[in-house]
Amino acid sequence: MENNTLISQELEEMRSQIGILKEKLEKQNIVNEQHIRRSMKSKMSSINRTIAGTIIAGSFALPYCTWFFWSQDLSTLFIVATAIMLTVCLGLTILQQVRLKNLDFSDSNLVETAEELSKVKKHYSEWHWVALPMIIIWLGWLMYEMINKMGTEPYVIGFCCGAAVGAIIGGIIGFRINRKVIRKTGEILEQIEELQRES
């Protein structure tokens, strides 16, 4: 009888310890999930700031380039083509920003969020296939326009060299921005997968 009481007490103590352990694990999971969600939101905020910066730069470049090329008396076709190119680039960047701003990190929307993030990541991963040829063609056209209009004066050669250097620097900055967005969206997608595994 005494033996049974002792076993019963031990079992009760084990149940109590298992209950405490479960409670600790649940709390740990909640803390871990909250940490992951905070990290995702922080990364998303960083991506949004980066894209917002490119939108501001594009919003400045569009009117400035149009005015500058007009003041240099370059062909209307070139000025219009440049304005269209910058408008399309700016529009696509704004579209990505809107897509990211509408993301919801609640449990019910993680699948949709992952799909939208994957689209943004794909856009930035593939953008260089469009951007690089476009910039090379545009830069060549710009140099042709300047030389055709003003000859080979030192000012024109200097301008063309400056434009080439500017295009290289801009390309490097653009590439780094792209890599940052791709890396951060990839990290968020991994964290979403982790949350989905835990739920």
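Select K122 and E126 in helix α3 of this predicted model. The two are four residues apart, so about one helical turn separates them. Show the side chains: they meet in a salt bridge, 3.3 Å from N to O. Colour by accessibility next. K122 has a relative accessible area of 48%, so it counts as partly exposed. E126, with 40%, is partly exposed too.

Select K43, R183 and E187 together. Salt bridges with shared partners join these three residues into one network. How many salt bridges does the structure hold? The count is six.

**Around E116**

Now select E116 and R99. Their side chains form a salt bridge at 3.0 Å, N to O. Which helices does this pair link? E116 belongs to helix α3, residues 110–150, and R99 to helix α2, residues 76–101. The two residues are 17 apart, and the pair connects distant parts of the chain.

Buried, exposed or in between: where does E116 fall? Its relative accessibility is 24%, so E116 counts as partly exposed. R99 is at 24% and is therefore partly exposed. K119 is at 42%, which means partly exposed as well.

As background, side chains of opposite charge can pair when their charged atoms come close.

**The nonpolar cores**

Select I51, L100, L117, I188 and I192. These belong to the largest nonpolar core, which has 20 residues, and they touch the most other members.

Centre the view on L100. What does L100 touch, leaving aside residues up to four places away in sequence? Its contacts are M44, I47, N48, I51, L117 and V120. Two of these names, I51 and L117, are already in your core selection.

Finally, move to a separate core of 16 residues. Select M85, L142, V156 and F159, which are among its members.

In soluble globular proteins, nonpolar side chains tend to be buried together.

Note on methods. Residues numbered from 1 in each chain as written. Predicted model: local features only at pLDDT ≥ 70, side-chain atom pairs only at ≥ 80, totals over all residues. Heavy atoms only, no water. Salt bridge = Lys/Arg side-chain N within 4 Å of Asp/Glu carboxyl O. Buried < 20%, exposed > 50% of the residue type's maximum accessible area, 1.4 Å probe, protein only. Core = buried A, V, L, I, M, F, W, Y, C linked by side-chain atoms within 4.5 Å. Contact = heavy atoms within 4.5 Å.
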